[in-house]
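User: I would like to learn how to read a few features of a protein model, one at a time. Could you give me the general idea first and then the case at hand?

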Amino acid sequence: MTAPVLGIEDLSVSYTTPHGPLQAVSGVDLSVGPGEIVGIIGESGCGKSTLVAAIMGMLPGSARIGSGAIRFGGRDLVGLPREEMRKLRGGGLALVSQNPMTAFNPVHTIGRQLTDFQHREGVSNAVKRARITDMFDQVGITDPSRRLHAYPHEFSGGMLQRMAIAAALLTRPQLIIADEPTTALDVTLEAQIIALLRRTRDEQGCSILFVSHHLGAVAQLCDRVLVMYAGVVVEAAPVAELFRHPAHPYTQRLLACDPALDAGGDQPLPTIAGQVPNLVNPPEGCRFAPRCLCATGRCVRERPQPVELAPAHAAACHLVAP
Ligand code: SF4
């Protein structure tokens, strides 16, 4: 079996709070194979961004990795020295974050920064600039010669996001971590970016971890999907299987609440009643139990373990059976 590009085993991350440790990620297993695109979906506060920060070595000082391993490029990234981690970012690992303002230095032009991002390429600046111009074309940025001399604050959020995607792709990474990369874009640009990510995977053979709350984008782009709820993975399946046969009650509710299913008219969009639990003191049994319409006494007492339903399809719920 081919070794995964990214392998996460039993990862737990908590934050120090005045009320006690907040368990943002609990016992997560995840792997991304060579050339594979894996999606992560779930509501805000389900641990997706903490997971991304842990992989990138960008957790804040209040966070602590309590257990687990993050294997990438033959190394465990947990505890890797800061300098080693810095070399990996922009080398084998690239992040496209939710906030494109953090991707660029405000005091340098975009052209200079995108040229610097390619410092490992061993080609002339003219070649680097030609690659930038080509990449601008691919992410839908017009008038490249003028844009290269502009500063980050001169761009709109959507345009800066496309620049951030261009910056990530220019480094030819082994793994791209895209954390809500299309949130600031309209539907036309989103479709363009989805197509670009897929083409990049096909042509460069890189792997992609795609975190999004936009289920349509996940359905179009990903090969496999993980569903996270309250810091745990509740379901994992190949993309078509997950959207056709969601097994976990949380996944079923999440898909039923997708705004893309809104048929119009005056019916309110369905929502999942209740809130993600307080992770300082999470429910003892199933973390979805307080909101689950199918919950039983066992769900409140006993934490469900993943059950394999089909090849590569598992759900952590007491009601599912192989
Ligand atoms: Fe609902 Fe129980 Fe399944 Fe949790 S284990 S999702 S509470 S049925």
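User: How many disulfides does a search of the whole structure find?

Analyst: In general terms, a disulfide is a covalent bond between the sulfur atoms of two cysteines. The model here is a predicted one, and a search of the whole structure finds 0 disulfides. Cys257, for instance, is in no disulfide, and the nearest cysteine sulfur, which belongs to Cys46, is 13 Å away. Cys257 counts as buried, because its relative accessibility is 13%, and Cys317 is buried as well, with a relative accessible area of 11%.

User: Which residues are the closest to the ligand?

Analyst: The closest are Cys286, Cys292, Cys299, Cys317 and His318, out of 13 residues that surround the ligand. As for its location, the ligand sits in the largest cavity.

User: How many aromatic pairs does the structure hold, and what is the geometry of the pair formed by Tyr229 and Tyr250?

Analyst: A pair of aromatic rings is described by the distance of the centres and the angle of the planes. The structure holds 4 aromatic pairs, and in the one formed by Tyr229 and Tyr250 the distance is 4.5 Å centre to centre with 50° between the planes, a tilted arrangement. Tyr229 belongs to strand 9 (residues 224-229) and Tyr250 to helix 10 (residues 249-256), so this pair ties together parts that are 21 residues apart in sequence. Tyr229 counts as buried at 0% relative accessibility, and Tyr250 likewise counts as buried at 0%.

User: What kind of pair do the rings of Tyr229 and Phe288 form?

Analyst: Their centres are 5.1 Å apart and their planes stand at 80°, so the pair is edge-to-face. Because Tyr229 lies in strand 9 and Phe288 in the loop between helix 10 and helix 11 (297-301), the contact ties together parts that are 59 residues apart in sequence. Phe288 is buried, as is Tyr229, and the three residues Tyr229, Tyr250 and Phe288 form one aromatic cluster.

User: Why is helix 1 described as largely enclosed by the rest of the structure?

Analyst: The reasoning rests on a cut-off, since buried means under 20% relative accessible area. Of the 9 residues of helix 1 (residues 48-56), 8 are buried, and therefore the helix is largely enclosed by the rest of the structure. The buried residues include Lys48, Thr50, Leu51 and Met56. After helix 1 comes Gly57, whose phi is positive, near 70°.

Conventions. Residues are numbered from 1 along each chain as its sequence is written. This is a predicted model: local features need pLDDT of at least 70, side-chain atom pairs count only at pLDDT 80 or more; totals for chains, interfaces and linings use all residues. Side-chain values use heavy atoms; hydrogens and water are left out. A residue is near a molecule or strand if one of its heavy atoms lies within 4 Å of it. On a 1 Å grid over the protein atoms alone, a cavity is a set of points where a 1.4 Å probe fits but cannot get out, and a pocket is an open set with protein on both sides within 12 Å along at least five of seven lines; lining residues have an atom within 4 Å of a point. A molecule sits in a cavity or pocket if more than half of its atoms lie within 2 Å of its grid points. Rings of Phe, Tyr and Trp (its six-membered ring) pair if their centres lie within 6.5 Å; planes under 30 degrees apart count as stacked, over 60 as edge-to-face and the rest as tilted. Helices (H or I, at least four residues) and strands (E, at least two) are DSSP runs, numbered from the N terminus. Buried means under 20% relative accessible area, exposed over 50%, partly exposed in between (1.4 Å probe, protein chains only). A disulfide is a pair of cysteine sulfur atoms within 2.5 Å.
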